[in-house]
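My notes follow in the order I took them.

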Amino acid sequence: MSSTTTAVASPKEANRYGVLAAAFVVMFFVASIALFSVFLTPLSEQHGWSTAEVSLSYSIFQTVMAVTGIFSGRICDKFGPRKVMLIGGFVFGLGWFLTGMAGSVPMLYLFHGLIAGMGNGLVYNPALTTAQRWFPDIRGKASGILLAAAAIGPATLSPIASLLSSTFGVSTALKILGVTFWAAITLGALFVSPAPANYQPNGWNPPDESKSDKARVPVDGFDWKGMLSTPRFYVLLLIYAAAATAGTMLVGALSSIAQEQVGAVGAMSAAAFGAMVVSINTLSNFVGRLAFGAFYDRFGAFRCLSVMLVVTAAAMVAMSFATTAPFFIGCVIVLGCAFGALLVIYPPLTGETFGATHLGINYGIMFLGYALGAWIGPRIATSLHSEAFGYRYAFYAAAAITVIGLVVTLLLAAKVRRAGTMRAPRR
């Protein structure tokens, strides 16, 4: 097919950027789980709940989100993303609104952990995987842009949530956010549409895979049962969990680690320094997501994943010796960028490995690897922390798990190269 005419976008070509913009808005607001930390202390103080009781809602939310993402992916693959996202946006906003009315810990778990978590799972997966199908030529960049939105959303909305809480009280603030989330996600979802089957952008032809064993993959890709029947799925799931462990450990305990290892810096209190490095980590995560989105398209999944794992393992070891502010901040920047890369790499990697047709449910299942890492990481931090050595052994344990993930990645990459089952990176 010749493309000597002037590069003018067709309706489909123009539409895919509209879908990407709409999905960006949705991801910006649906990633607001990080806002819950703003309400941790106010909820505890208002109702007399312990911080441990309140923070458990976060873990429930993450688990419900991951499990719901599996079913939302399947429903999305069958009925299209718009209906699923409209329902999910309503459920998500309702969960936050009702959280403002929670008068007991079980009600908090029901409204925030279960209902809001379910709404998140109904929205997050369809937004991400639908955009992936519209951008088979630049999967990495599309993934990076959307997950960058998921990083800057909480960073932007957190001070607004804090202001609402201090001005109107925590209950009213949660209700306002619930209505806002519902309205914004609904607006974005109205402009999201599924890509045509086997969609190819103008001027782009997929790599020639006729000489590889890609022929073993069904024309329409693997469905979830077919994916679960392949050994490669379990290998990728293991790598996902190993790669997520260090980052989730850091996210859950970064402020405490900073205050313990570095403490006050000049006129800045230990608490202020802890808050500052959390912001630095969020910004680094954002940069990592954008950068690795571009790197993915140029260098391929396994090279990016290997770099991410090497950098993470080295930085975790270095963090155990980081007792000065500049050194500590440097480690945080490196780890933030690396962790941001992980969530960018895995959606397109799942699509390339098992096909895009059933990507919704397939990535929903694959995301359980991240959820597993999110359970392991924070528990390493709490169980291996000690008075004498602080978080040092937690860092070493996370680094060791990361190295295991790296070894498995290198072995899988070697096997894939021999088999020729993945596209070559761009030159």
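**Entry 1: salt bridges**

I began with Glu352 and Arg139, and both are buried. This is a predicted model, so I keep in mind that side-chain atom pairs count only at pLDDT 80 or more. The side chains of Glu352 and Arg139 form a salt bridge, 4.0 Å from N to O. I then checked where the partners sit. Glu352 belongs to helix H12 (residues 325-354) and Arg139 to helix H6, so the pair links distant parts of the chain, 213 residues apart.

How many salt bridges are there by this rule? I count three.

The next one joins Arg16 and Asp137 at 3.0 Å, N to O. Arg16 is in helix H1 (residues 11-30). Asp137 lies in the loop between helix H5 (105-134) and helix H6 (139-168). The two are 121 residues apart, and again distant parts of the chain are linked. Arg16 and Asp137 are both buried.

I also looked up Asp297 and Lys141. Their side chains meet in a salt bridge at 3.6 Å, N to O. Is Asp297 buried or exposed? Asp297 has a relative accessible area of 3%, so I list it as buried, the cut-off being under 20%.

A reminder to myself: side chains of opposite charge can pair when their charged atoms come close.

**Entry 2: helix H10**

I stayed with helix H10, residues 270-299. Does its length fit a helix or depart from one? The 30 residues should span 44 Å at 1.5 Å a residue, and the end C-alpha atoms are 41 Å apart, so the two values agree.

I listed the buried residues of H10 next. Among them are Phe273, Val277, Asn281, Ser284, Asn285, Gly288 and Arg289. Phe292, Tyr296 and Asp297 are on the list too. An α-helix has 3.6 residues a turn, so residues three or four places apart point the same way. After H10 comes Gly300, with a positive phi near 90 degrees.

Helix H4 covers residues 81-99, which is 19 residues. I find 26 Å from its first C-alpha to its last, close to the expected 27 Å. Its buried residues include Pro81, Met85, Phe92, Trp96 and Leu98. The glycines Gly88, Gly89, Gly93 and Gly95 are buried as well.

I followed Gly89 to a contact in space. Ala183 and Gly89 are 94 residues apart in sequence, yet their C-alpha atoms are 7.9 Å apart. Ala183 is in helix H7 (residues 170-189). At 39% relative accessibility, Ala183 counts as partly exposed.

Helix H14 (residues 368-383) has 16 residues. It reaches 23 Å between its first and last C-alpha, close to the 22 Å expected. Among its buried residues I noted Gly369, Tyr370, Gly373, Gly377 and Ile380.

**Entry 3: a positive patch**

Which residues form the positive surface patch? I find Arg303, Lys415, Arg417 and Arg418. Helix H15 (residues 392-419) gives the most to the patch, with three residues. I checked Arg417, which is placed in helix H15. Its relative accessible area is 64%, so I list Arg417 as exposed, the cut-off being over 50%.

Technical notes
Residues are numbered from 1 along each chain as its sequence is written. This is a predicted model: local features need pLDDT of at least 70, side-chain atom pairs count only at pLDDT 80 or more; totals for chains, interfaces and linings use all residues. Side-chain values use heavy atoms; hydrogens and water are left out. Patches are made of residues with over 30% relative accessible area and no salt bridge: like charges are joined within 9 Å, nonpolar side chains (Val, Leu, Ile, Met, Phe, Trp, Tyr) within 5 Å. Accessible areas come from the Shrake-Rupley method with a 1.4 Å probe; for residues, only the protein chains shown count as cover. Lys and Arg count as positive and Asp and Glu as negative; His and the chain ends are not counted. The place of a charge is taken as NZ of Lys, CZ of Arg, CG of Asp or CD of Glu. Helices (H or I, at least four residues) and strands (E, at least two) are DSSP runs, numbered from the N terminus. Buried means under 20% relative accessible area, exposed over 50%, partly exposed in between (1.4 Å probe, protein chains only). The expected span of a helix is 1.5 Å times one less than its number of residues.
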